[in-house]
Amino acid sequence: MNPASRLLRPAALALASAIAARAGAATVSMAFGDNLPPYILVREDAGIEVEIVREALAWRGHALQARYLPMGRIPPSFKARQVDAIMMDVGEDMTPHGGYYGAPPVVYDNVFYTLKSRRLVIRKPQDLVGRSVMSFVGAANRYPVWLAGLSRNDYVENNHQEVQPQLLALGRYEVVLSDRSVFRYYARSKPGFVMPAVDEHSVIQADPNDYRPVFRDAAIRDDFNAGLAHLHKSGRYRAIYDKYLKD
């Protein structure tokens, strides 16, 4: 083999690999929540969560087709085969329905919020008993020790988390459970609204398994995991977070 052939061979192999990867590429329809800034921005078809998933799939040539649904409709959309994948199972195991779980692209940092003026202490589940509590859809499934025992009169799950800061400020609810970034985003997004001082009660241990995507195709799941690992290794993962969270 002459020197020129030896130089061309790696390039040819790389090109062949790229073509093979592209030949197996797919458009992946995936259900996300229907607006949860800064993680999900429906109007822009973007957000931390959406961009990370999109770029992780693109690492091996797949294209993301995001579909935005209320949280309660995400598991049914997978079971009815309306989508190829879902972002989070909302507390319902999708394995019996043909689901293959991937690595979590994000982990939500959920805390209990109360108004500082109320001087409430939340250290154990019993501290929520008799308090009016608002949370996101699926929270009781995620945190049954904390939330499943609350009465229907005291506990509400609402898909529209943009109202949480205002309702807490107005005293409609004494406690709100929310991700830190989501709560802060909505607390400063309404013109003229000034959020009163709040206390953060960080008593819930985050479980990354709660935020795993589910795929119908194991090979695409593997490609996604490889792409996500690349985003972490390359520094791109951190850059996506910084794009949305840095002032």
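**Entry 1: ground rules**

I am looking at a predicted model, where local features need pLDDT of at least 70 and side-chain atom pairs count only at pLDDT 80 or more, while totals for chains, interfaces and linings use all residues. Residues are numbered from 1 along each chain as its sequence is written, and side-chain values use heavy atoms, with hydrogens and water left out.

**Entry 2: salt bridges**

I searched the whole structure and got 17 salt bridges. I started with Asp222 and Arg221, whose side chains meet in one, at 2.8 Å from N to O. How covered are they? I call a residue buried under 20% relative accessible area, exposed over 50%, and partly exposed in between (1.4 Å probe, protein chains only). Arg221 is buried because its relative accessible area is 17%. Asp222 is at 40%, so I put it down as partly exposed.

Next I looked up Asp89, which forms a salt bridge with Arg142; their closest N and O atoms are 3.0 Å apart. This pair links distant parts of the chain, 53 residues apart: Asp89 is in the loop between strand 3 and strand 4, and Arg142 is in helix 4 (residues 139-142). My helices (H or I, at least four residues) and strands (E, at least two) are DSSP runs, numbered from the N terminus. Both Asp89 and Arg142 are buried.

Then came Arg180 and Asp109, with side chains meeting in a salt bridge at 2.6 Å, N to O. Arg180 sits in helix 7 (residues 180-187) and Asp109 in the loop between strand 4 and strand 5 (110-115), so this pair ties together parts that are 71 residues apart in sequence. Arg180 is buried at 19% relative accessible area, whereas Asp109 is partly exposed at 34%.

I also noted a network of salt bridges linking Glu51, Glu55, Arg236 and Lys243.

**Entry 3: helix 2**

Which ones are buried in helix 2? I listed Ile48, Glu49, Val50, Glu51, Ile52, Val53, Ala56 and Leu57. An α-helix has 3.6 residues a turn, so residues three or four places apart point the same way.

What do the buried residues of helix 2 pack against? I found strand 1 (27-33), strand 2 (63-69), strand 3 (85-87), strand 10 (213-215), helix 8 (218-234) and helix 9 (236-245).

**Entry 4: cores**

I count as a nonpolar core a set of buried Ala, Val, Leu, Ile, Met, Phe, Trp, Tyr and Cys residues joined through side-chain atoms within 4.5 Å. The largest one has 60 residues, and Phe32, Ile52, Phe112, Leu128 and Leu147 have the most contacts inside it. Helix 2 supplies the largest share of this core, six residues. A second, separate core has twelve residues, including Val111, Leu168, Phe183 and Phe193.

I then checked Phe32 on its own, leaving aside its neighbours within four places in sequence. Contact here means heavy atoms within 4.5 Å. Among the residues that Phe32 touches are Ile40, Glu49, Val50, Val53, Leu64, Tyr68, Ile74 and Met87.

**Entry 5: strand 1 and its partners**

Strand 1 is mostly covered too: six of its seven residues are buried. I say that two strands pair if DSSP finds at least two bridges between them. Strand 1 pairs with strand 2 in the parallel sense over seven bridges, and Met30 stands opposite Ala66 in strand 2. From strand 1 the chain crosses through helix 2 to strand 2, in a β-α-β crossover that is right-handed. That label applies if, with the strands pointing away from the viewer, the path from the first strand over the helix to the second runs clockwise.

Strand 1 also pairs with strand 3 in the parallel sense, over two bridges. There, Met30 stands opposite Ala85.

Where is Pro38 found? I located Pro38 in the loop between strand 1 and helix 2. A cis peptide bond joins Pro37 and Pro38, with omega about 0 degrees.

Arg81 is not a glycine, yet I read a positive phi of about 60 degrees for it. Arg81 lies in the loop between helix 3 (74-79) and strand 3, and is exposed at 60% relative accessible area.

Met88 is not a glycine either, and has a positive phi of about 85 degrees. I found Met88 in the loop between strand 3 and strand 4 (100-101). Is Met88 buried or exposed? Met88 is buried, at 8% relative accessible area.

How values were computed. A salt bridge is a side-chain nitrogen of Lys or Arg within 4 Å of a carboxyl oxygen of Asp or Glu.
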